Structures are given as structure tokens and as C-alpha cells.
Amino acid sequence: MRLRSGLMLSGIFVAGLAAGSFTQPLSRALGQAAPNNSTYQQLSLFGDILSQIKQNYVIDPPTSKLIYDAANGMLSGLDPHSSYMNAQQYADMQVETSGEFGGLGLEVTEVSGLLKVISPIDGTPAAKAGIKPGDIIVEINGLSTDGLSLDEAVSRMRGPVGTKITLTLKRNGINTPVHVTMTREIIKIDDVKSRLLTSTAGPVGYIRLDSFDENASDHIRAAVRSLKKKAHGPIHGYILDLRDNPGGLLDQAVAVSDDFLTNGEIVSTRGRHPVDDQVWYAQGNDILNGAPMVVLTNAGTASAAEIVTAALQQNRRALVLGTKTFGKGSVQTIIPIDNEGALRLTTALYFTPSGKSIQDYGVTPNVIVSDTATPQDAFSQLRETDLLHAFTNPTKQAEPPLPPAPPLPPVAASIPAKPPANWPAFDAAKPSTDFQLQMALKLIADMKPAATTTASN
């Protein structure tokens, strides 16, 4: 399982806990007067609550569990992406960003108390079992997920490699529960997949990026080199597939964007303190040498994947085809705590080259194409704005003007917004059944190369 993803705890917090066994306020224990609603007074309240639980709750719960739950409650009340990781969870997170970890291969989140699938990861037990974005996990091995925190649910789904697990799902459009049994395994994420496709204009390189782990840019470059060798000649254009890509590392989003840009701003971040604001620019190295480019997106395209999409679109390097993206425009910083895990804390929002925040808004494609002839209902189209405590877009009310979009090729007008009713059922092994991909091939065949530059890859 995967979760969507410095400073030290102060002595004041520890003192507040110690004061919990006394009836006097913390400020009195410290020998100082504390104004109403001060941090000291609120910490004393926390200590009093902890003391009452330890003395009078029907069972004696472990103090470590109470502190863990309190920390997570405090952080999750801020926004959907801040959380506290204990030492084991922090270790698991570090393994995840390396591109190999144990579990089922699911990206999940919690929406209004429901455990909801963002997307399965290609090639994992979850993907092989047919779990779909938008599925609601209602039971884990026959036990209800009602009332479980996201961390608790993830903990239940983890287990020894080789053991079986059964999930009961509520799926949009199906009135009966869907039962899926899988075997846990080590998840080795093949984050980049590539192949040559054909179009009326010649060979097209297809590159799918599943997530932004620490090797994303290196693997993209390796894929391009491999495609050029296989083509034995010019490649007309490239399709970058970021559908159901949940994001990952910010530095890799910058690096992947820079792989395709010769100039221009990639992304900027703005936090609480202006001194920490940053801006990243392209370094003038397009590994495709200006070949036409289309980016594929859907509602599962999130975070780092949205940074890349917006950077390529707004710098007029690529056209975007698909559906509106997820809308996660916040940056999380991992703050280790000595021997006690780490905080995942939202410290900034990111902004596209136009100066617009993607938070709860997303990227709108140049050419909107659905992957299904039957539009999904609003409940199944999970986006950032649906999450509890999601930030409001700070630029939504006064949107800066977007840069002029590159002219659409004439063929764009003939591309339908959804597949015909008789379109074959999607089969991942058969590109001909992928309607969005087929429309991307149609679009890119009518596109002309961008300005070229010498590139090394």
C-alpha cells in the first residue's frame, strides 16, 4: 500500500504532557501567568484530557497509541496530506520513494469517512485483480473499514509477502459488492514503460510514467534512448502518458519537465515565509529535439504529474489530451523526528508558469477526451476539492491570464469527446482499445515539430 505523501518537537509539548497528571494549569506549574487561549493553556487542556483517558477509560490504552492518534488528528485537521508517521511508517515511506516496497500496489485516500481508491499501480496485485479508480473499500478480510483511519486501514492491508488478502469493494454502476482476493508481494515499480506505435505521420514513441520516484527522470531518458534505437530512423513525435499518475517527488517533477523544455519557468512554490519561496527554470535541454508531443491526463493525474503537465502545456511545448486533472497543488515536506518517525507537513503551494495555483482546480486539457462512452457520476470522479480540509485555490478568484495556447492542428476539431457506443472494452495489452491513446495518435500525426535545440540524453 502507498499513501499519498528538520524541526523537532519542542520541550513545551513534552512539558504539557507531564503536567497532565496534575489538576493545576500548565502555566501555574511553570510559575507564569498564561493568557487565555495561549499555547501553554491549550497544552494543559491536552494533558488533562490524556490524564482522564488514562485514569477512567474502560480499558487502559497505550500512551503511545494516544499520542500517535492525537498527532495524526492534529495534522489531518489541517489538510488531507499532512500526517504523522511513526518509525515503521517512515521507513516504509523511504522504501516507497526508492521504487520498491511490499504490499498490494494501491493509492488510496479517505473521503468523508470512506476508504477510496485513487488508482492501482501498473503491474501490481491490485492492478492485476482489476481494482479501479473510485472503488470504495468497505471491508478488509471481512472486517468493516467503517471508522478506521487511513493509517489503520493501510496497516490492515499490509502483511507478510505471500499471504492472501480479500477486499470487498463498492463499485460505481454495480449494485452488488465486489470481492477481490490478492496475494501480497514485493512491489517493484517499473515506473516507466515505453513502446513504438504507428501513426499516419510515422513512428510515435509512447512513454508511460507511473509515478515520480527518485529515478523518474533517469528512466525517462533511458526510454527515449531505447525508442530511438528501436525506430532505426526519425520518430515523428512522443506521447507522455500521465494518466493515474499520483505524483511523488517535487525534484523529479522539475527534472522530467526540464527533459523536454529548452527554456521557461517550470514551477514555483510559495509558503508561509517569503524567504523560502522558490522558482525553477528549464536549463535548455530538450531530449526530444522539438519533436511533437502530447500529454495524456485524467482525474488520477495528480501533484507532480500536474506540475509536468502544466509546465509543458503553458510553455507551449506539448498539447494535453484527456480529462481534467486531480488538482493537488500543495507541497509536503518530510520532517524527521529523532527515533520517532517523521512529520509529513504541508509547507507550500505550487504555482504554474502563468502564476496560477493548481490547488483544487487542476489542469484543463487542450483537447478534452473521455475514456468511456458512459460519463461517470460526480461521486466516482474523486478530485482534491472532494477531500476533507482541502485548501482553497488562492488564485481562483483572480486568475492570472494563461499564456496563449499553441494553435490546435485542424484534426483536433474532428476528435470526439468520448468513444462511440460500440468501442471495444479496454484491454491494457491492446493499445487499439485505448480510446484516449488512439485520439492522441490522431492528434500528434497532425502536429509540427517545435523549435529544435541540440540535446544530450
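This is a predicted model: local features need pLDDT of at least 70, side-chain atom pairs count only at pLDDT 80 or more; totals for chains, interfaces and linings use all residues.
Let me start with a strand pair: S11 and S12 run antiparallel to one another and are joined over 8 bridges, where helices (H or I, at least four residues) and strands (E, at least two) are DSSP runs numbered from the N terminus, and two strands count as paired if DSSP finds at least two bridges between them. Residues are numbered from 1 along each chain as its sequence is written, and side-chain values use heavy atoms, with hydrogens and water left out.

Within that pair, Lys193 stands opposite Arg208 in S12. The two strands belong to an open sheet of 6 strands with mixed pairing, in the order S11-S12-S13-S16-S17-S20. At its edges stand S11 (192-199) and S20 (367-368), each with a single partner strand, so one side of each is left without a neighbour in the sheet.

Now to helix H10. All 11 of the 11 residues of H10 (residues 304-314) are buried, so the helix is largely enclosed by the rest of the structure; buried here means under 20% relative accessible area, exposed means over 50%, and partly exposed is in between, with a 1.4 Å probe and protein chains only. The buried residues of H10 pack against several elements, including S13 (237-241), H9 (250-260) and S19 (342-351), with contact taken as heavy atoms within 4.5 Å. After the helix comes Arg316, whose phi is positive, near 60°.

The largest nonpolar core has 41 residues, and those with the most contacts inside it are Phe212, Ile220, Leu240, Phe260 and Leu312. H10 gives the most to this core, with 7 residues. By a nonpolar core I mean a set of buried Ala, Val, Leu, Ile, Met, Phe, Trp, Tyr and Cys residues joined through side-chain atoms within 4.5 Å. Leaving aside residues up to four places away in sequence, Leu240 touches Ile207, Ile220, Phe260 and Leu312, among others.

What joins charged side chains across the chain? Salt bridges do, each defined as a side-chain nitrogen of Lys or Arg within 4 Å of a carboxyl oxygen of Asp or Glu, and by this rule the count comes to 10. One of them has the side chains of Asp434 and Arg243 meeting at 2.7 Å, N to O. That pair links distant parts of the chain, with Asp434 in the loop between S20 and H11 (435-444) and Arg243 in the loop between S13 and H9, 191 residues apart. Asp434 and Arg243 are both buried. Salt bridges that share partners also join Lys193, Arg208, Asp210, Asp241, Arg243 and Asp434 into one network, and Lys193 and Arg208 are the residues that stand opposite each other in the opening strand pair.

A contrasting case is the salt bridge between Asp69 and Lys65, at 2.6 Å, N to O. Both residues lie in helix H4, 4 residues apart, about one turn of the helix. Asp69 counts as partly exposed at 33% relative accessibility, and Lys65 likewise counts as partly exposed, at 41%.

Finally, is Val58 buried or exposed? Val58 is exposed, with a relative accessible area of 71%, and its place is in the loop between H3 (39-56) and H4 (63-76).
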